[in-house]
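Please look over the structure below. The report that follows takes up a strand, some aromatic rings and a helix in turn.

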Amino acid sequence: FFLMCDQRNCCPTEVLAVVSDSDYKHGGCCVTVNGFDMFVFGGEAAKEREIIVVAYDIFGLHSNVFQLCDRLESAGFCVVLPDFFRGKPWPLNEPIDREALMKWISEAGSWEVVLNDVNAMFDYLKENGYSTNKVGFVGFCWGGKQAFRLAADPRFAACATAHPSFLTEEDAQNAKVPL
């Protein structure tokens with residue numbers, strides 16, 4: 001097993017917008033679930049669509065993430081973007097000190113937080129008439145670690161990641177769905 005990620009660093013500190021419009025307005029609808037915000041893209045029509053759950057990097061909800069969600073929705077998916085960090089991501093202008101970052105992740109983005117939020121997300125989707133027969137998960141950097149972890153969860157049909165961080169062999173060994 002070979003991990004193709006830099007375990008010393010998490011994310012690049014320059015976040016370039018997919019679209020240069022700094023006033024980008026996304027098409028997601030914000031709902032509050034179990035004390036955290038979650039954005040759902042696709043409206044009522046999306047309830048029968050396959051679902052893609054998106055997990056951001058340590059910088060949280062920035063225009064790149066919203067633009068990606070809009071693009072996935074325009075390709076025919078229902079897209080769900082939970083705000084795991086509850087509006088308090090790692091500051092974009094703060095240098096990444098590994099010790100401080102790991103302490104912050106252990107509090108703001110711990111596996112316990114993620115799993116509780118994912119459980120609440122599934123409850124919300126089912127209670128509100130969304131089809132959860134085919135749910136995928138895609139994560140970036142910190143979110144990529146969550147994709148590997150959630151690949152062990154049978155509620156997901158598949159998981160994907162781009163530049164995952166802090167992976168262990170155990171993360172991959174526990175996968176039960178395509179990753």
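## Strand E3 and its partners

Val54 stands opposite Val138 in E5. This is a predicted model. E3 and strand E5 (residues 135-140) run parallel and are joined by five bridges. E3 also runs parallel to E4, with three bridges between them. Ile51 has its bridge partner in E4, namely Cys78. Between E3 and E4 the chain passes through helix H1 (residues 63-74), and this β-α-β crossover is right-handed.

How many residues of strand E3 are buried? Five of the five residues of strand E3 (residues 51-55) are buried, so the strand is largely enclosed by the rest of the structure. Both faces are covered. Ile51, Val53 and Ala55 are buried on one side. Ile52 and Val54 are buried on the other.

## Aromatic rings

The whole structure holds 11 aromatic pairs. One of them is formed by Phe85 and Trp142.

Are Phe85 and Trp142 buried or exposed? Phe85 has a relative accessible area of 4%, under the 20% cut-off, so Phe85 is buried. Trp142 has a relative accessible area of 2%, so Trp142 is buried too. Ring pairs also gather Tyr56, Phe84, Phe85, Trp90, Trp104 and Trp142 into a cluster.

A charge meets a ring elsewhere. The charged end of Lys47 sits over the ring of Tyr130, 5.4 Å from the ring centre.

## Two residues of helix H3

Asp117 is placed in helix H3 (residues 111-127). Its relative accessible area is 2%, so Asp117 counts as buried. Which residues does Asp117 touch, not counting those up to four places away in sequence? They are Phe36, Phe84 and Arg86.

Val118 is in helix H3 as well. Its relative accessibility is 1%, so Val118 is buried. Leaving aside neighbours within four places in sequence, Val118 is in contact with Phe84, Leu150, Arg155 and Phe156. Val118 and Phe84 are 34 residues apart in sequence. In space, their C-alpha atoms are 9.2 Å apart.

Definitions and conventions: Residues numbered from 1 in each chain as written. Predicted model: local features only at pLDDT ≥ 70, side-chain atom pairs only at ≥ 80, totals over all residues. Heavy atoms only, no water. Helix = DSSP H or I, 4+ residues; strand = E, 2+ residues; numbered from the N terminus. Buried < 20%, exposed > 50% of the residue type's maximum accessible area, 1.4 Å probe, protein only. Contact = heavy atoms within 4.5 Å. Phe/Tyr/Trp six-rings, centres within 6.5 Å; stacked < 30°, edge-to-face > 60°. Lys NZ or Arg CZ within 6 Å of the ring centre and 35° of its normal. Pairing = 2+ DSSP bridges. Right-handed = clockwise from strand over helix to strand, strands pointing away.
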